[in-house]
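Visitor: Could you walk me through how to read a few features of a model like this?
Guide: Gladly; let's look at it together.

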Amino acid sequence: MQKIISYPLTVIHIIVFFLLLLIFHPIQMISYKLGGYNAHRKSVYILNWFLMQSQLPLFNTFNITYKTDLPPGPSYIFVCNHQSMFDIPPLIYYLRHYHAKFIAKKELAKGIPSISLNLRIGENCSIDRKDRKQAIMALIKFAKNVHEKKRSVVIFAEGTRSRTGVPKPFQTNGLKTIFKYVPDAVVVPVTVNNSWKIDRYGKFPYGIGNKIELRIHEPIPIQGRDHDELILETQEVVHNSITSTAFKS
């Protein structure tokens, strides 16, 4: 019954979602040209707030909890698990005070209204997963900019989405590159819960009545830490706070 109900609700969501992307594409361009970086990033935050609200017809909601205060200032490396594309709007919106930038596959940097534009002009990083040299060079350039301008980073360390919520081992190369070129940054483990349930039926329809939660854990400074040990510790913190999977409630 729930799946049957979700069909018309998903259609409403999809229409609203893509209308928002179309509407905010020129808004982003105008904001960037007239107001530069700060005006553009504000338009991106507003867009992602609306994208979160587009889940309301599906009765899906978002919440964030912090284990400790996380004052803006230093560069933070938010290391997350990845369950769905719907992880991204709440991360962009809730982490807006930290100037958080994303690492994404290059295919997303073209052809998608608003999303591709933000990846290109918003100081984010697009990498070619099939071209190791390009990926490394892009990450180095990105990390140097983060270090110079005191930006923060959001990285989905598992590399790909887990559509069942079951965690995957962290990929280490990207993290180590960022650690090397942003040595004064602070790692913040982030656990995303329940967004996999939106995709529980596949691409259509979407799941309904889910509470997507971001858990922001205690920060861990990079300085003085062995990078392999730091990655393992971060992975353990993130994975231990996953509350549900398709195989375990």
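Visitor: Is cysteine 125 buried or exposed?
Guide: Buried means under 20% relative accessible area and exposed over 50%, with partly exposed in between (1.4 Å probe, protein chains only). Cysteine 125 has a relative accessible area of 2%, so it is buried. This is a predicted model, where local features need pLDDT of at least 70, side-chain atom pairs count only at pLDDT 80 or more, and totals for chains, interfaces and linings use all residues. Residues are numbered from 1 along each chain as its sequence is written, and side-chain values use heavy atoms, leaving out hydrogens and water.

Visitor: How many disulfides does the structure hold?
Guide: A disulfide is a covalent bond between the sulfur atoms of two cysteines; here the criterion is a pair of cysteine sulfur atoms within 2.5 Å. The structure holds zero. For cysteine 125, the nearest cysteine sulfur, that of cysteine 80, is 15 Å away. Cysteine 80 is buried too, because its relative accessibility is 0%.

Visitor: Which residues of α6 are buried?
Guide: An α-helix has 3.6 residues a turn, so residues three or four places apart point the same way. Helices here are DSSP runs (H or I, at least four residues) and strands likewise (E, at least two), numbered from the N terminus. In α6, Leu230, Ile231, Thr234, Gln235, Val238 and His239 are buried. They lie on the same side of α6 because they cover an arc of only 150° around the axis, taken from the directions from the helix axis to the C-beta atoms. Leu232 and Asn240 are exposed on the face turned away from that buried side.
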